[in-house]
Amino acid sequence: MLIDSHCHLDRLKAAPDQPTLEHILASAKARGVDYMLCVNVRQQGFESMRDKMAAFEQVFLSSGVHPLDVKEGLDVGQIRHFATDPKVVAIGETGLDYFYADETKLLQQQCFEQQITLAVDVNKPLIVHTRDAREDTINMLKQGGADKVGGVLHCFTENWEMAKAAIDLGFYISVSGIVTFKNAGELRSVIRKVPQDRLLVETDSPYLAPIPHRGQENQPAYVRDVAEFVAELRGERYEDLAEYTSNNFFTLFKDAARLVGR
């Protein structure tokens with residue numbers, strides 16, 4: 001079994017010449033990808049995402065707002081309501097992004113703090129996006145008591161010091177197709193160090209397709225390419241990495257484990 005721990009299936013292109021969602025999920029299954037987590041990024045997009053995924057038992061959901069989508073703040077009560085859906089296993093994608101939106105720092109921090117508090121209140125782990133905000137991200141997780149619920153730093157691209165600080169808070173590190181890129185030498189050195197019991201794999205589809213699919217729309221089937229690359233990078237058998245990253249997923253996302261009877 002393999003799990004795509006972070007994707008955006010509702011953002012795959014809907015066009016006559018594109019595969020249907022059913023075909024995309026069948027392709028993933030054919031490559032051993034049994035489950036995936038479809039991650040919410042826009043408050044007003046949750047209900048549409050939920051409805052599109054309703055027919056697919058292998059797809060779990062999250063509820064939250066991305067730091068680049070917080071220009072008008074949050075309705076925390078609505079996010080809390082969405083989180084009561086049985087398929088919602090996490091709060092996020094939330095976090096801080098100073099690379100693209102440094103001018104919204106304070107609003108991002110406010111919304112991140114609100115979603116950390118919500119995650120603790122509803123006892124669901126956090127899905128965290130962080131870019132050029134290492135110190136603030138870790139400090140806010142500590143101050144908000146995020147260690148009570150844990151979570152994941154998704155699509156990780158930061159340094160080992162940040163990875164270690166997150167791991168010490170009970171967080172997981174998720175690696176995407178970026179690790180296969182030619183300029184990802186520092187990231188590869190970090191991923192070699194992450195303990196087995198703290199590693200996840202993801203696509204972040206439809207973005208960041210791994211080699212050999214660069215330039216294509218990413219999809220959950222390609223998490224197999226990420227996992228095979230990471231296994232070779234770490235000197236491990238692919239089958240072992242698939243097993244322990246899947247176990248890690250269900251350890252972190254306990255509601256997902258309950259849904260599948262684990």
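Strand E6 (residues 151-153) runs parallel to E7 and is joined to E7 by three bridges; strands count as paired if DSSP finds at least two bridges between them. Helices (H or I, at least four residues) and strands (E, at least two) are DSSP runs numbered from the N terminus. The model is predicted, with local features requiring pLDDT of at least 70 and side-chain atom pairs counted only at pLDDT 80 or more, whereas totals for chains, interfaces and linings use all residues. Residues are numbered from 1 along each chain as its sequence is written, and side-chain values use heavy atoms, with hydrogens and water left out.

Strand E7 (residues 171-175) is mostly covered, five of its five residues being buried, that is, under 20% relative accessible area with a 1.4 Å probe and protein chains only. Phe171, Ile173 and Val175 point one way from E7, while Tyr172 and Ser174 point the other way. In a regular strand, side chains alternate between the two faces of the sheet.

The largest pocket has a volume of about 470 Å³. Of its 19 lining residues, His66, Asp97, Tyr100, His129 and Asp204 are the closest to its centre. A pocket is an open set of points on a 1 Å grid over the protein atoms alone, where a 1.4 Å probe fits, with protein on both sides within 12 Å along at least five of seven lines; lining residues have an atom within 4 Å of a point. Volume is the space filled by probe spheres set on the points, which are joined across faces, edges and corners. Strands E4 (88-97) and E5 (126-131) each supply at least two lining residues, and E5 gives the most, with three.

The second largest pocket has a volume of about 230 Å³. Its lining comprises 14 residues, with Pro125, Val149, Thr251, Leu252 and Lys254 nearest its centre. Helices H10 (238-252) and H11 (254-259) give two or more residues each, and H11 provides the largest share, three residues.

Methods:
Buried means under 20% relative accessible area, exposed over 50%, partly exposed in between (1.4 Å probe, protein chains only).
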